[in-house]
Amino acid sequence: MAVEERVPVLVVGGGLAGLATTLFLAEQGVRTLLVDRHPGASIQGRARGINQRTMEIYRALGLEGAIREAGKPFEDDWGVARCDTLAGEWHWLFNDDAPRIWPELSPGEFCQADQSAVEPILIDAARERGADHRFNTELVSIVTDDDGATAVIRDRETGVEETVSADYVVAADGHRSPIREQLGIHRTGPGVIQHSVSIVFRADLSEFVPKPALFWIIVNDRVGAGLVTTAQPNRWGMSVGYDPAAGQSIADFTTERCIADVRAAIGRDDLKVEIEDVAAWEQAIGIAGQYRSGRVFLAGDAAHVWPPAGAMGANTGVQDGYNLAWKIAGVVHGWAGDDLLDSYHVERHTVAVELSDLVVDRQRKRNSAEVEDDTTDDQLWAFGQRYWSSAVIGAEHDTVFGDTLSKVAEPGVRAPHLWVERDGARLSTHDLFGRGFVLFTGTAGAEWVAAAAQVSDKVSVPLRAFRIGAAAVGADLADVENVWDKRYPVGAGGAALIRPDGYVAWLSPATGQPAEALTGALHTVLRTG
């Protein structure tokens, strides 16, 4: 069959990881086709917690306002409670209003906008940037070789099939990932640990909920152990388990059964309940052994799955895409070598392995009400993930997390956030990332700025340079809190090279040949020489 369409990147799977990766690729000017077998955006209220790191990424793309607006119905929800029924006595596992913004660390603010609200925002943003997003379209087959992939896709409504050729494929097709299975990539970990059904329902629970929570863990003889969470005003989500080994299946959850389960969880037999949607899902623990196989990359649940404690599932999937997109863009646009793409596995797989153990331990403590033993540092989880790979020069660490979160720039760490002013507007240094490399230098670094322009033009790498310091002495970005020297200790004439994903690629002291030094650093990071 003749190839009917050719695209640089084919993304398979329209969950948050696939959508975000498509958006990030489109932002980098890479034409991308995403195929999603579902007829529309999810109405299931999953993956509601968007952490500060993910929000600062969305903020740099101008999406923060829309996502925060989508999260308004949940902005008062906080804490986790255990109870026999919602109408009974609650035992708070944690109830303190933890800070949702850490202004000394990030411009991002924790947001509770669930998947059903965020997906349409990401879809529209990607389409505005040129991405082709197709609902109700499934992958029929895919064949890969050293030059790319040839896929057959089918419109599920019309049955019409089309052949697509792609230079690269991002498999974001869920934790069972047919593409991963076809490639023979095995996962470590126990696999599926629980089968669950998610029930979206409408009911007036105002008399049972004097204070909203993130979710309630409900344990009684009827539902076993279930979760209830808000979705929208008078719209709720409930998850309960079932056991296929005992002959149970999703088919058992008729409308009548679901209504009875909801009433049992709430504690009111005559409660008026309207069931909107019922869907099966599996809680699993597993990490793919490889995130790259030739021209194919795994992202999101296809690459890693673990329990929901800590909201690190979808956030990690989105951040996978942020790491991968600029690397693919570099190769597609010709300013990076193919070997750069190997660093995706090296960096993100190591993070996933570490996070998996931490998340599983936190989930165990929550399920057993041992929350007081949970000493996890959420700031460290969000901002302390460290890389060491060929895409970083001079990393001195070899663990994902340090003992504490450092606010000082080092190769392989997320670039420290600074509040700065430019042309009278206040912004974060992270607002400058996501589209290309950024070079920061002090007010004495005029030669670095000139060198960046020269090198960018010579090697066709997207690169912008900024001098940071006091506006009165010629800074491009005014250091609002006067912390540049503390957070970026490169000396009066040094510079920091930041990757498009906001990670420090290289630090340099003052040099008499900044153009030569910068060219060498970019060649090393981008694997072009």
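Is Phe 74 buried or exposed?

## A residue in a loop

In this predicted model, Phe 74 lies in the loop that runs between α3 and β4 (80–83). Phe 74 is buried, and its relative accessible area is 2%; the cut-off for a buried residue is under 20%.

## Helix α7

Helix α7 covers residues 313–333. At 1.5 Å a residue, its 21 residues should span 30 Å, and the distance of 30 Å between its end C-alpha atoms agrees with that expectation. The helix is mostly covered, with 17 of the 21 residues buried. Just after α7 comes Gly 334, which has a positive phi of about 90 degrees.

## How α1 meets α7

Helix α1 (residues 16–27) packs against α7 with the axes 8 Å apart and an angle of about 30 degrees. Angles under 35 degrees count as roughly parallel, and α1 and α7 are therefore described in that way, as roughly parallel to each other. The crossing of α1 past α7 is right-handed.

On the α1 side, the contact is made by Leu 16, Ala 17, Ala 20, Thr 21, Phe 24 and Leu 25, while α7 contributes Ala 314, Gly 317, Val 318, Gly 321, Tyr 322, Ala 325 and Ile 328. Sorted by class, the residues of this contact are 10 nonpolar and 3 polar, with no charged residues.

## How α2 meets α7

Helix α2 (52–60) also meets α7, and the two axes come within 9 Å and cross at roughly 45 degrees. The two helices are therefore oblique to each other. Their crossing is left-handed.

In this contact, Arg 53, Thr 54, Ile 57 and Tyr 58 of α2 meet Asn 315, Val 318, Gln 319 and Tyr 322 of α7. The contact of α2 with α7 has 4 nonpolar, 3 polar and 1 charged residues. Val 318 and Tyr 322 of α7 take part in the contact with α2, and both are also listed in the contact with α1.

## Helix α4 and its cover

Helix α4 consists of residues 115–128, and its 14 residues should span 20 Å at 1.5 Å a residue; the end C-alpha atoms are 20 Å apart, in agreement. Its buried residues are Gln 115, Ser 116, Val 118, Glu 119, Ile 121, Leu 122, Ile 123, Ala 125 and Ala 126.

Which elements cover the buried residues of α4? They include the helices α1, α2 (52–60) and α3 (64–70), together with the strands β3 (49–50) and β7 (132–134). After α4 comes Gly 130, with a positive phi near 105 degrees.

## How α10 meets α12

Another helix pair is formed by α10 (residues 446–459) and α12 (residues 514–526), whose axes come within 9 Å and cross at roughly 50 degrees. This angle makes α10 oblique to α12. The crossing of α10 and α12 is right-handed.

The residues of α10 in the contact are Glu 447, Trp 448, Ala 451, Ala 452, Gln 454, Val 455 and Val 459, and they meet Pro 514, Ala 515, Ala 517, Leu 518, Thr 519, Leu 522 and His 523 of α12. By class, the contact has 10 nonpolar, 3 polar and 1 charged residues.

Note on methods:
Residues numbered from 1 in each chain as written. Predicted model: local features only at pLDDT ≥ 70, side-chain atom pairs only at ≥ 80, totals over all residues. Heavy atoms only, no water. Axes fitted to C-alpha atoms, helices over the stretch in contact; angles between N-to-C directions. Helix = DSSP H or I, 4+ residues; strand = E, 2+ residues; numbered from the N terminus. Parallel < 35°, antiparallel > 145°, perpendicular 65-115°, else oblique. Left-handed = near helix turned anticlockwise from the far one by under 90°. Contact = heavy atoms within 4.5 Å. Nonpolar A, V, L, I, M, F, W, Y, C, P; charged D, E, K, R; others polar. Expected span 1.5 Å × (residues − 1). Buried < 20%, exposed > 50% of the residue type's maximum accessible area, 1.4 Å probe, protein only.
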